[in-house]
Amino acid sequence: MPETTAPPSRVPNRGYRQWTPFWFLAPAVLTLLLIGIYPTIFALVTSFRRYNIARPREGFPFVGLENYVSVLSDGTFWASLGTTARFYITVLPIQIMLGLVIALLLHKTGMGFLKALARVTLVVPLATTYAVVGLIGRLIFNRDFGVANQFLDMIGIGGFDWLGSPSGAFAAIAIMDIWQWTPFCALIFLAGLSMVPGEIEEAARLETSSKWALLKHVQLPYLLPGLTALLILRSADVLKLFDMVFVMTRGGPGSATDLVSIYIQRVGFRIFDLGTASAQAILLLVLTILISRLYIRILYKEVQ
Amino acid sequence: MKRFLKMYTSVLALTLAAASLPAAAFADWLDDAAKPLKGTEISGIFLDRPGYRAIIKLLPEFEKKTGIKVNYEIVPYENTREKQVLNFTSQGDLTMALVDLVWIGEFAENGWIEPVSDFTKDKTITDPNLKLEGFFPLLLNAFGSWGGKTYGLPFDNYSGLLFYNSCKLKEAGFDKPPATWDELANVYGPKLTDASKNQYAYALQSLRGETQSADSFMRFLWPFGGSLLDKQFKSNLMSKESQAGLKFRQDMMKYMPPGIVSFDHAEAVNALAQGQVAMITEWSAFYGTLADPATSKLGDCLAVAPEPAGPAGRLPALGGFSLAVASQATEEQKKATWLFIQWATSEDIAKSYVDAGGVSGRMSVYQDPAVKAKYKFVEPMVASWQAGVPEFRPRFPAWPAISEVVAEWGSKMMLGEVSIEGGAKEIGSRMEGILAKDGYYDGKKKLLQ
């Protein structure tokens, strides 16, 4: 069969050259290099140096793995990592469950106006600055005039010393994090639910009246990619959560809310030992990447 | 009669001229010194506290007189050191350092601030009435000096004071405040505490951070004869005296509101202002907040006394800031900054500074009967500054790292998560680790604090 070449449907743009895509991409790539890659490389290099900017006379010598050895043998680092893990395990399941319930409610048919209003309202906590969330938290959980204790009084449980006791302070920061990030989970799940083809969902509803079966066999596959993204984002988020906790408790009382990011900030910007702080940050980066890979391997499946 | 009138007028004129001489001389001197520096811009960091608001109020007078522009940024205390260290290490734009007494060693040893002797030798830029001996010696020594050299002039000056609700004390049958810590705990404490009515005798700000380490932990070492370090810079926290002080703090907790480990300055001041507690030991700078009807219910019930004495005497908390010229500034900026520092801490504006809400470090202003009568905190504060420990908190560069350790384990002690002995041992070993790393035990560094 003779080869035929179809005439071009459009006249090629004379301004388009081999390098044109490069120029379009260059600003984004450059920006990424500047604000993402350069600081990471700088932190990596710093982590191999003794780098205390409050001791400039001592210089910044290369010390190999000394900072990493010191971090890995530092009990406070492991303790703060443990507190972070406990915080993560506490808040994430609650956020996922509440987020899913909210998303399922908003996915129901009818009540269009209310649903639109609810969707907008969900964005408010997300748009609130972390430090402001911390300030609100300090007010809500104030022992004498906070709303939390007034509510407990109303339902007949006496006031509780939230920020003054280790368990109370931990619960308070967890509640504030759940308040701020449950809407994010709800919006992600809602996006997933809206991708379920209408005819499949309708057919499933005819097949079964069990909502659990519908969720498990029809909706869940569409929610998994979103759930994977959510777990990755929230893992990174919890590992670097600083402002809200610092404003509410400064890591106290004792070390009850001493999350790893609070500890790194202290080493980096109170003691100014940037070498050790960088080593801690690099180890956290590795941990985040490992957790993310794990989530992708276990959960992520393309919907067929 | 004519002769008498003439003589009277001459005497009056002479008296008036003599009275206005220092101010006029100060103005003349400053005018002359600032002439070549007109248009120079200087910059520093201020805090959102009464002393800084006071100088900001007076600033237009300085700028008008000298033509020097003073730029300032208001920063929360917790970020001030971080901001300045980053600025000095990156050769930033700050020409003036705000030096908390615990930063003086770090700033001076790193060469970030200039000794005042570099400027006083130049008569053209030095106030003839500078009189360094006019500052309270304790303040000049603690806030501005390191290694025998003076770097900064005391600007925002505090002493720990006992603020109390005299009406509550009267109701409980006391006509004067406690003179000793023992009296506060054993006589006043039980009578002024009624947990069922949410009423407590005393609040001690103890939030984790510098509040825990400086305001809470250290406050109970010195008056009991203890200290953080011994003469060889080893931990002294296991000494009988230090242990007694820390145990006393723990025992006092039954007279404090629950959750005291979450109390920062604002919460402690508010507890007294709103009538929850009868006494607090706080910085003199909080007098304004407690006296202001907009922020306090105390009214005439507000009374002030020196901090109670311990077995080792009255050794109240000492804190404050000096202003120093930053080494990174240009020669012109250094001169202009030096002029500003001299003006802001001078005897000539001391009265206006106090009236605007500041606390001057000059002795002369507190001899004024009008000042004594108007501000209740003056007499106890001046009494506190007669004797004190400059190293109430060690002023060496290692303090920020040690402060973090004290803050963590000090609050764990208060929460009962660790015993007094256990906590003190932990702080001691970690502190010695920090000091060893800094070279204090191998002769690399002088034992200065």
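In this predicted model, helix H4 (residues 112-127) of chain A packs with helix H7 (residues 166-193) of chain A at an angle of about 135°, and their axes are 8 Å apart. The two helices, H4(A) and H7(A), are therefore oblique to each other, and their crossing is left-handed. From H4(A), the contact draws on Leu122(A), Val123(A), Pro125(A) and Leu126(A). H7(A) brings Trp179(A), Gln180(A), Pro183(A), Phe184(A), Ala186(A) and Leu187(A). Sorted by class, the residues of this contact of H4(A) with H7(A) are nine nonpolar and one polar, with no charged residue.

Helix H1 (residues 20-46) of chain A and H12(A) pack at an angle of about 120°, with 8 Å between their axes. That angle makes H1(A) oblique to H12(A). The crossing of H1(A) and H12(A) is left-handed. Here Ala43(A), Leu44(A) and Thr46(A) of H1(A) meet Leu274(A), Gly275(A), Ser278(A), Ala281(A) and Ile282(A) of H12(A). The contact of H1(A) with H12(A) has five nonpolar and three polar residues, and charged residues are absent from it.

Seen at the level of domains, chain A is divided into domain 1 (20-57) and domain 2 (72-299). The C-alpha centres of these two domains of chain A are 29 Å apart. The contact takes 10 residues from domain 1 of chain A and eight residues from domain 2 of chain A. On the side of domain 1 of chain A that touches domain 2 of chain A, five residues are nonpolar, three are polar and two are charged.

Two local features of the chain A backbone deserve a look. Most residues other than glycine have a negative phi, and most peptide bonds are trans. Gly252(A) and Pro253(A), however, are joined by a cis peptide bond, with omega at about -5°. Pro253(A) is found in the loop between helix H10 (243-248) and helix H11 (260-269) of chain A. Phe272(A), a residue other than glycine, has a positive phi, near 60°. Phe272(A) lies in the loop between H11 and helix H12 (274-299) of chain A.

Chain B is also divided into two domains: domain 1 (23-157 + 319-384) and domain 2 (159-316 + 391-437). Taken over C-alpha atoms, the centres of domain 1 of chain B and domain 2 of chain B are separated by 29 Å. In chain B, 18 residues of domain 1 are in contact with 18 residues of domain 2. On the side of domain 1 of chain B that touches domain 2 of chain B, the elements giving two or more residues are helix H3 (50-66), helix H5 (104-109) and helix H17 (378-384) of chain B. The residues on that side of domain 1 of chain B comprise nine nonpolar, five polar and four charged.

The two chains also meet each other. Chain A gives 21 residues to this contact and chain B gives 22 residues. The side of chain A that touches chain B is made up of nine nonpolar, six polar and six charged residues.

The model as a whole scores ipTM 0.76 and pTM 0.81. Chain B averages a pLDDT of 91, and 94% of its residues score at least 70. Among the elements of chain B, strand E7 (residues 200-203) has the highest mean pLDDT (98), whereas helix H1 (residues 2-19) has the lowest (48). Over residues 11-22 of chain B the pLDDT is below 50, and this stretch has two contacts in the model beyond near neighbours in sequence. Where pLDDT is low, the predicted coordinates should not be read in detail.

How values were computed:
Residues are numbered from 1 along each chain as its sequence is written. Chains are lettered from A and ligands numbered from 1 in the order in which they are written. This is a predicted model: local features need pLDDT of at least 70, side-chain atom pairs count only at pLDDT 80 or more; totals for chains, interfaces and linings use all residues. Domain bounds come from an automatic or database domain assignment. Two residues are in contact if their C-beta atoms, placed from the backbone, lie within 7 Å. Ala, Val, Leu, Ile, Met, Phe, Trp, Tyr, Cys and Pro count as nonpolar, Asp, Glu, Lys and Arg as charged, and the others, Gly among them, as polar. Axes are lines fitted to C-alpha atoms, for helices over the stretch in contact, and angles run from 0 to 180 degrees between N-to-C directions. Helices (H or I, at least four residues) and strands (E, at least two) are DSSP runs, numbered from the N terminus. Angles under 35 degrees count as roughly parallel, over 145 as roughly antiparallel, 65 to 115 as roughly perpendicular and the rest as oblique. A crossing is left-handed if the near helix is turned anticlockwise from the far one by less than a right angle, and right-handed if clockwise. pLDDT is the predictor's confidence in each residue, from 0 to 100.
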